[in-house]
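Read it with the structure open beside you.

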Amino acid sequence: MEALLRFGESIVALIIGLAIGAVILYYAGYSPWEAYYQLFYNAVLDKYGFARSLAEAAPLILTGITFAVGVRAGLFNIGAEGQLYFGALGAAIVAWLAYRMPVLNSPLGTIAAYALGVILASLLALIAAVLKVWRGVHEVVSTIMLNWIAFWIVEFMRIHYLFDPHDATKTIPVPPGARLPILLPDSELSATIIVSVGFALLTYYLLWYTVTGYELRASGLSPKAARYAGMDPNKSIIIAFIVGGVAAGLAGAGEVLGRPPHYAITSGLSNLLNMGFDGITVALIGANHPIGVIFAGILLGVLKSGASYMQIFAGVPLEMVRIIEGIIVIALAVPGTLHMVREYLQRRKKLTQLREQEAGKSHGFEGSGLQPSGAQQQ
Amino acid sequence: MAAPSGSLLFAIGVLNAMTPILLTAIGEILAERAGVVNIGLEGIIMLGAMTGVMAAEAAGPWVGLLAGLLTGAALGLLHAVITAYLKGDHIIPGIGINTLALGLVPFMLIVHWHSAGQHQVPSYARVPDIAGYISPVSLTAIALSVIMWYILFRTPWGLVVRSVGENPEAADTVGIHVERVQAIAVVIGASLAGLAGAFMSLDWLGTLTKEIAAGRGFIALALVVFSNWDPLQALGGAALFGFFDTLSIWVKNTTLKQVVPSSLINTLPYVVTLIAVAGVLGRVRPPKHVGVPYKRE
Amino acid sequence: MSGRPAPRVSMRGIVKIYPDGTVALRGVNLDVYPGEILGLLGENGAGKTTLMKILAGFLRPTAGRIIYEGHPVHFRSAAEALERGIGMVHQHLALVPVFTAYENIILGLPPSIIAGARKRIEKLMDETGLHVDLDQIVELLSFGERQRVEILRMLFRNVKVLILDEPTTNLTPVETEELFKALVKLKKQGKSIIFITHKLREVLEIADRIVVMRRGRVVGEVPRSVAEPRLLARMMVGREVLFKIEKPRTTPGQVVLKVEDLWVRRDIGTWGVKGVSFEVREGEIFGVAGVEGNGQAELVEAITGLRAPERGKIFLLGRDITGLGPAELYRMGLAHIPEDRRGTGLVLEMSVVENSILGMHRWERFAKGFFGVIDWRAAEEHAAEIVRKYDVVAPGLHSPVKHLSGGNQQKLLVGREISKNPKLIVAAQPTRGLDVAATEYIRRLLVRLRNEGHAVLLVSSDTDEVLQLSDRVAIMYKGEFVAITRPEELSREKLGLYMGGAAATA
């Protein structure tokens, strides 16, 4: 029942987002019908378009997991962006190494790239975790700062060490032997979607089927009850940050290992930008539940991939989708209160019921009032 | 008039760099003193920058600054309704505003100015500086930090605002309208962020870009903590951040550039922020009820 | 009744039912006259605070009406009541800790009144004898001084009815004297003062008239000339016994819990528990009675591993458990029914099944293998058994616990704790806020556990409960056990006296 309500909220928010988006499109001189038609038709019904949607969805599902796991532990981890950059960095470093160590031009290289990416991303996440637990730094501030720091560090590495001698605007591409297999020939869709969905399912399992996940959820819902039960909420905080870091690291590494045509990090990290932030939208739409995140990720993948079709065929700038995203998030901040209104009405109803009960009782209300002075009550 | 010396230019650079952060921080101090956190400052800066340019190109720089202010006020009102009145989460609407801005600004750059990345603000729309170098907005910001300090700590209304952030139950008991106070504080706070954005596009940088805020909204949030929710201390903190911000630009233009790569220099403001906020634990005291929606029985 | 002025306040038929179904007031009539100090006497849960909160506008009555100065009133907020002249000083003061006394007093007043306020406040301080350093930060003031600030704040707004809720709880004897002197002065000015308390000696000293409440009703009214401690104690604590529970004689076995000279601090730094020592044996219920706030919470927290004691030792079955955490204690056979079942004992958003293993989730029964995979089937069986055994009414095993009624939540909690097959059961306020049926159920359950040989530590501010269920009972007052005795040897009057701090330590 609760899940159904929450699903409904997400649908309502989506509709509001599209509706207001349509108004903006109209006033900007575009045809909303044409724009949305091109968006959805191409991104969903066309085979290659849908493959592209899934390719876009893959990293978003993972960064959505980053935020969602944080929320489950009672945090606001918005550091997926920076952790994703570091994930990509790890893969780019292994790509660079692969040209000097041919053994890496193979699935071994793929594994090494993922591993390094995950480690780097987790370390970044760990900084925010430690700052929170040890110095009480609110993670919203620390993760944003770390995002920017990570951006410039990766740019630094790209420009000075990892650049492709043939094309200095990007890093050395991953050698063919280490790349992720393409699932649909001639499309952008690679095994990254499998990694993403797989990790999301793994996270679901972790949260609901293991002791660690149970403690994490309990600490997020009620730190007092968690302590009563002998748990240490700080432990759960750190675990949540690390899981989030792993997810974002997988996303970043995956974009390098599995995204044609570049298989590299491009100038200004342009092929990685905003995937972390989009993860927040995905998590919110998906109600911070790994399964919901999968579907929400695909939805946003559709929107993003559809955006380029919308641009090509209806002339609408890509950023329109981000506007719609923002409106959806704002709308999601509000409907929770529909819940509160419902609760309030329920309470009122129960109150009237009880009043009728009490009034119906046999002895009614004792007018136990004043005693004349001097009398004693037995 | 002789060209100003290098160090004077540096000082003016610091002044410019600190202005948007200072304005935003002063505004957020007011909001947080009333117990409301506004994460959407980043987005408000961006949107203020954008509407500022739009208005300035139509009616001059002062109207532009006003437009930025009003844009902030409108967004602040939205945030206030969601947090103070509807008792919604304090952080999610801010994330939404940021995302919205990240989309709307580039969108309008294309649709309105037909430019893909940035738009040069024409000189007639730019805010005239005093003696050609010092911005009236900067001076206003410094004055505001004193004024806001005075309002918060020396007037009855400031007492009311602070009571709402410290102990809304106590404020409620003596008849203070908690939600209304919070809404006013948030609207004023967001207006200053919008003004900060307009300052950046119309005055300091003279351009409108997709990444104009570059994390300044969040740096302002950190500054609020770092200055212990005191507008006067924010003055010092903003100067500090402005210093590092300008330093990184400056270093890139000198021979040091060969030694220290510019991309690493760019991390400087963020690293400093992080260290500052981490180092300050235990010595700062937030308003007791900040970030917690006030629910009555 | 001639010659008596009309009452300033008349409350008629006041009923209060809380949203979760608790009935706090069952139809109360009360009159308050100008120029008097009215003592409102009763135990925890009697309804005195609720009644006054309604008068002062903090709560709305479910039924009934209030007539103030001849006109019916419906206060929509405390601020409105305050404006009309009714103010309440709570037990937990509503001041802003970081502001000075002066700032708290003038908070929220329009600038026109604030002009020259300082002089007027100083005059007020002289008139009443309630002096305080106006420029000192409230956080640093003593409790007595803070209270004076609150009272001054009310007086500065010209209240005509001043309600004080348990004002002497944290005052020194000297401060209490000064407060009383001030109240008498205010009474002579014609103000109405309502003094809520559970302390017999004080109410006898200060009140002109004493109204005694019990379980949401007014039991009686006594003028000072007639009142004396034993009479009041009997009225407060009552004669009827709600439920008769069979308690066969048992011979207590070995010592399960041993507490030696325990000293525990509160969060704010003062002492909560001062040198308490006692033992609990197998097959007995050891009760701790006393009005809430005298250290019971800290005592329970220390024994259940949630708060480390400063001094002293705790032994469970001979092992020193002082300072150990809850996880270890549960493994060693401790069960804890916390006083805050919704916030601490259960995770409301989680399901019945998930809550049924809270605290045991790491045990081999439910967590298998190296990675700690939860065996939900075992947990479901476990939960189903609890639900069956203890008659827990729930929409389903997987519905969130917040949808259960208070009584069912408590049954689930208690069932869970008992399922640990514990050696010691610590039950803190186990029936608070529960309806009659659930209350009876839990009480019978505790006695059954005792009969089966478990050791039970029962901490409750419900004296009926403690006396009925305990084999031995200690009365706690200001952090110390003022008496440890058998309930049979404790007359109602003596109990009331102990609880009110009026009797010398045994």
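C:Met11 has C:Ile66, in strand 4 of chain C, as its bridge partner. That bridge belongs to a predicted model. Strand 1 and strand 4 (residues 63-68) of chain C pair in the antiparallel sense, over five bridges. Strand 1 (residues 9-17) also pairs with strand 2 (residues 23-32) of chain C, again antiparallel, over seven bridges. Here C:Lys16 has C:Leu25 of strand 2 of chain C as its bridge partner. Strand 4 of chain C is joined to strand 5 of chain C by three bridges, and the two run antiparallel. In that pair, C:Ile67 is bridged to C:Pro72 of strand 5 of chain C.

Which order do the four strands take? In chain C they form an open sheet in the order 2-1-4-5, with antiparallel pairing. Strand 2 and strand 5 (71-73) of chain C are the edge strands, each pairing on one side only. From one strand to the next, the twist averages 25°. A helix covers part of this sheet. Helix 1 (residues 48-55) of chain C lies across strand 1, strand 2 and strand 4 of chain C. Helix 1 of chain C runs at about 120° to strand 1 of chain C.

Chain C has another sheet. Six strands form an open sheet in the order 6-7-8-3-9-10, and the pairing is mixed. The edges are strand 6 (86-89) and strand 10 (217-223) of chain C, which each pair on one side only. Neighbouring strands of this sheet are turned by 20° against each other on average, direction ignored. Strand 9 (residues 209-214) of chain C runs antiparallel to strand 10 of chain C, joined by six bridges. One bridge there links C:Ile210 to C:Val222 of strand 10 of chain C. Helix 9 (residues 229-237) of chain C lies across strand 3 (36-41), strand 9 and strand 10 of chain C. Its angle to strand 9 of chain C is about 30°.

The domain assignment gives chain C a domain 1 (9-237) and a domain 2 (245-326 + 457-506). Their C-alpha centres lie 31 Å apart.

Now turn to the helices.

| Helix pair | Axis distance | Angle |
|---|---|---|
| Helix 2 (residues 32-45) of chain A and helix 12 (residues 290-314) of chain A | within 7 Å | roughly 125° |
| Helix 7 (residues 192-209) of chain A and helix 8 (residues 211-221) of chain A | within 5 Å | roughly 75° |
| Helix 13 (residues 320-333) of chain A and helix 4 of chain B | 7 Å | about 160° |

Take helix 2 and helix 12 of chain A. Their axes cross at roughly 125°, so the two helices are oblique to each other. The crossing of helix 2 and helix 12 of chain A is right-handed. Residues from helix 2 of chain A in this contact include A:Glu34, A:Leu39 and A:Phe40. Helix 12 of chain A supplies, among them, A:Val302, A:Tyr309 and A:Phe313. The residues of this contact divide into eleven nonpolar, four polar and one charged.

Helix 7 and helix 8 of chain A cross at roughly 75°, and are therefore roughly perpendicular to each other. A:Leu206, A:Leu207, A:Trp208 and A:Tyr209 of helix 7 of chain A meet A:Thr212, A:Gly213, A:Leu216 and A:Arg217 of helix 8 of chain A. By class, five are nonpolar, two polar and one charged.

The third pair spans two chains. How do helix 13 of chain A and helix 4 of chain B run relative to each other, roughly parallel or roughly antiparallel? At an angle of about 160°, they are therefore roughly antiparallel. Helix 13 of chain A passes helix 4 of chain B in a left-handed crossing. Contributors from helix 13 of chain A include A:Met320, A:Ile323 and A:Ile330. Those from helix 4 of chain B include B:Ile95, B:Leu100 and B:Phe107. This contact has 16 nonpolar, four polar and two charged residues.

Finally, the contact of chain A with chain B as a whole. It takes 40 residues from chain A and 37 residues from chain B. On the chain B side, helix 4 (92-111), helix 9 (216-226), helix 12 (262-265) and helix 13 (268-279) of chain B each give two or more residues. Helix 4 of chain B gives the largest share, 14 residues. By class, the side of chain B that touches chain A has 26 nonpolar, nine polar and two charged residues.

Methods:
Residues are numbered from 1 along each chain as its sequence is written. Chains are lettered from A and ligands numbered from 1 in the order in which they are written. This is a predicted model: local features need pLDDT of at least 70, side-chain atom pairs count only at pLDDT 80 or more; totals for chains, interfaces and linings use all residues. Two residues are in contact if their C-beta atoms, placed from the backbone, lie within 7 Å. Ala, Val, Leu, Ile, Met, Phe, Trp, Tyr, Cys and Pro count as nonpolar, Asp, Glu, Lys and Arg as charged, and the others, Gly among them, as polar. Axes are lines fitted to C-alpha atoms, for helices over the stretch in contact, and angles run from 0 to 180 degrees between N-to-C directions. Angles under 35 degrees count as roughly parallel, over 145 as roughly antiparallel, 65 to 115 as roughly perpendicular and the rest as oblique. A crossing is left-handed if the near helix is turned anticlockwise from the far one by less than a right angle, and right-handed if clockwise. Two strands pair if DSSP finds at least two bridges between them. Domain bounds come from an automatic or database domain assignment.
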